[in-house]
Each structure stands twice: as C-alpha cells, then as structure tokens.
Amino acid sequence: MRATVIHGAGDVRVEDVADPVLSEPTDAIVRVSLTCICGSDLWPYRSMERDGAGSRIGHEFVGVVEETGSEVNGLRPGDLVVSPFTWSDGECAYCRERLHTSCVNGGLWGSSGSDGAQGEAVRVPYAEGTLVRLPVEPDSDLLPALLTLADVLPTGHHAAVSAGVCPGGTATVVGDGAVGLCGVLAAKRLGAERIIVMGRHTDRTDLAVEFGATDVVPERGEEAVERIRELTGGEGTRSVLECVGTGDSLRTALRVAREGGRVGYVGVPQDGDGVDVREMFARNVGIAGGVCPARAYIPELLPDVLYGKLDPGRVFDRRTGLDGVPEGYREMAERQALKVLVDPS
C-alpha cells in the first residue's frame with residue numbers, strides 16, 4: 001500500500017510500504033477514508049534530522065473496518081469508525097479515569113513500530129478501546145467534520161474545559177490555527193458570552209468570528225496584552241485558551257489572564273520558556289491542560305457534530321489525494337493553507 005513517510009526537515013514522500021496485518025487478537029485493520037495534516041506535524045517537518053529509512057507520519061483518520069482480531073467483539077468489518085490520535089486499551093486505571101493518553105498500553109500513531117495515519121490503511125492496537133463507531137454512511141458529507149473528532153475539536157474543547165470556560169463568561173483564545181478555531185467553537189458551546197481570538201491571518205480570524213468570536217486582536221506581545229486589557233476594562237479574561245505551544249504564546253496567555261483566572265494550554269510545547277511561577281502565584285492564576293485525552297471527549301462531542309450544532313469541518317481549506325501530501329505540508333508550513341484534508345483512495 002501507499003503511505004506518507006517523513007525523511008527529515010522538508011522531506012515528506014509518498015512511498016510503498018507493507019500492508020498492515022493483524023498481530024494481536026485485539027487488533028483491527030482499518031481502511032482509511034479520510035486523513036489530514038496537523039499543525040503538530042509541521043514541527044518535525046521543520047526540524048527533524050535526516051533519516052534515510054524515514055518514519056510514518058499522521059495521527060488523524062476516519063475509515064472502515066476491514067478485519068478484526070479474535071478478541072474484538074464490539075466492531076465488525078464494514079463499520080465506519082473514527083480514531084483519536086492515540087490508541088488505548090480502555091481498561092487500565094488511567095483509561096477508567098478518562099486519561100486515555102496515559103494508558104499503560106497506549107501509544108501515538110506514527111511513533112516507532114506503529115502505522116501513521118496518512119496512508120491507505122492502519123493497524124489499530126486495542127481496537128475496542130480506541131475506535132468509536134460513527135452512525136453515518138461511509139460516503140456521508142459529514143466525514144470531514146467527524147474527522148476533527150480525532151484531534152483538533154477535542155483539543156480545542158480540552159483547552160476550554162481546562163481554562164474553566166463557563167456560561168456568561170469571557171475567554172481569550174491564543175492562536176488562529178485549527179485548534180484555536182476549535183477552541184472558539186468549544187468556548188461558544190460552553191456558553192462564553194465574549195470570546196476574544198488572538199490572530200493576524202484575516203481568513204482565519206474571519207472564520208473565528210463565524211464560529212463565535214466577538215473580538216479579534218491581531219497584535220502580539222505587550223501590545224496584545226494592552227489591547228485585551230483595554231477590551232476588558234483593565235482586568236484581562238478569566239479563561240484563556242493557549243493553542244500554539246511556544247514560550248511567547250504561553251507568556252502572553254498568562255499575562256492576559258485576569259486575577260484568579262485560568263489558562264488551559266494545549267499547544268504542543270516547543271521550548272521550556274514562558275512560565276513565571278512567581279507571577280502566577282502573586283496573581284492566583286492557574287494553569288491546566290496538556291495533551292488532550294481525545295477518546296474521553298469524542299462521545300460527548302459527537303452528537304453536536306452529527307446534528308449540525310458544530311461545524312468544525314470548515315477548518316479544512318484544502319483537499320488532496322496522497323500524491324498531494326508533500327505539497328500540502330509545504331502549503332501549511334508557508335501559511336498558504338490552514339489544514340489540509342487527505343483522501344487516500
């Protein structure tokens with residue numbers, strides 16, 4: 001079969017790889033219907049050291065079950081499913097606590113020894129603990145929106161929950177990427193009355209306004225902090241969603257939080273800078289979040305996507321086949337595309 005392989009910074013290829021096969025009785029083989037390129041895929045695309053053998057990449061997919069192991073009872077060939085960006089057994093103590101990303105038997109798609117999602121098929125370990133059946137036909141127009149359940153929609157929701165977004169409240173979303181835009185959707189869904197989005201790409205911030213943002217702040221650094229305090233009567237916001245992952249973005253998030261506020265951080269950290277615990281202590285600002293346990297949130301968010309209350313599929317602004325994946329990476333890295341949808345068929 002064909003799949004995406006990354007060999008180093010700027011070097012993404014579509015290659016022939018071995019077809020996935022069942023190796024454990026808890027496995028399933030899923031034929032990928034849709035996958036996509038994630039903003040977090042751009043970090044290795046920008047910085048990965050040269051690797052002649054290359055590594056599979058991609059961690060978001062919906063697809064159709066083709067084969068199941070002997071111990072898989074809740075899934076059948078022909079089922080349409082979505083996978084979160086990590087697999088998990090669904091049974092360990094962490095899974096029972098809804099922290100599936102810490103599963104003792106879990107892992108991340110594209111990590112050593114696992115399949116990446118940007119290909120024609122995937123072997124899914126612990127299929128029953130990982131996959132969620134989708135009650136639509138495999139050719140449904142909802143598939144792009146349902147694909148966001150694999151990562152960006154739950155991650156935006158995780159930021160909002162971690163930041164304590166509540167009905168009638170005010171929230172600031174730091175970042176206008178796909179996760180930030182889903183953070184706007186999540187804050188609106190949780191009842192925020194005022195949502196400030198920080199971003200300077202007008203096509204993205206225009207979409208954020210359609211998703212529910214009430215104010216746009218294109219400034220950065222100190223100017224951004226001053227602007228948000230101006231918008232909030234000098235206080236800042238009680239809930240701040242950090243959806244970028246740099247030290248600068250985290251510093252900004254902490255500074256625009258009001259006294260006693262909370263920052264929900266979900267941007268994959270790219271450096272160790274940003275947190276001044278003395279300032280957090282003095283201002284009673286809390287910080288929570290981290291890697292999103294998407295599997296825990298999918299059942300909660302799925303009905304709103306199915307019935308059209310949320311339309312997160314709009315974050316996809318490019319669509320391509322597998323052959324177009326290298327160009328899709330380039331377009332996203334150069335900010336010519338927000339999020340690229342991939343149809344591997």
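A crossing of two helices is right-handed if the near helix is turned clockwise from the far one by less than a right angle. All views below show a predicted model.

**View 1. Helices H8 and H9 cross in a right-handed sense.** H8 spans residues 221–231 and H9 spans residues 247–256. Their axes lie 10 Å apart, at an angle of about 25 degrees. H8 is therefore roughly parallel to H9. On the H8 side, the contact uses Gly 221, Glu 222, Val 225, Ile 228 and Arg 229. These meet Thr 252, Arg 255 and Val 256 of H9.

**View 2. Helices H6 and H7 also pack together, with a right-handed crossing.** The packing angle is about 15 degrees, and 9 Å separates the axes of H6 and H7 (residues 202–211). H6 and H7 are therefore roughly parallel. H6 contributes Leu 181, Val 184, Leu 185 and Lys 188 to the contact. H7 answers with Arg 204, Leu 207, Ala 208 and Phe 211.

**View 3. The largest nonpolar core holds 54 residues.** Those with the most contacts inside this core are Val 82, Leu 134, Leu 146, Leu 149, Val 184, Leu 241 and Val 315. Helix H6 (residues 178–189) gives the largest share, 8 residues. Domain 1 (2–151 + 294–343) and domain 2 (154–289) both supply residues, so the core lies between them.

**View 4. Close-up on Leu 134 of the largest core.** Leaving aside residues up to four places away in sequence, Leu 134 touches Val 62, Leu 80, Val 81, Val 82, Leu 146 and Leu 302.

**View 5. A second, separate core has 17 residues.** Among them are Met 198, Val 240, Val 256 and Val 263. Val 256 is also one of the H9 residues that meet H8.

Note on methods: Residues numbered from 1 in each chain as written. Predicted model: local features only at pLDDT ≥ 70, side-chain atom pairs only at ≥ 80, totals over all residues. Heavy atoms only, no water. Core = buried A, V, L, I, M, F, W, Y, C linked by side-chain atoms within 4.5 Å. Buried < 20%, exposed > 50% of the residue type's maximum accessible area, 1.4 Å probe, protein only. Helix = DSSP H or I, 4+ residues; strand = E, 2+ residues; numbered from the N terminus. Domains from an automatic or database assignment. Contact = heavy atoms within 4.5 Å. Axes fitted to C-alpha atoms, helices over the stretch in contact; angles between N-to-C directions. Parallel < 35°, antiparallel > 145°, perpendicular 65-115°, else oblique.
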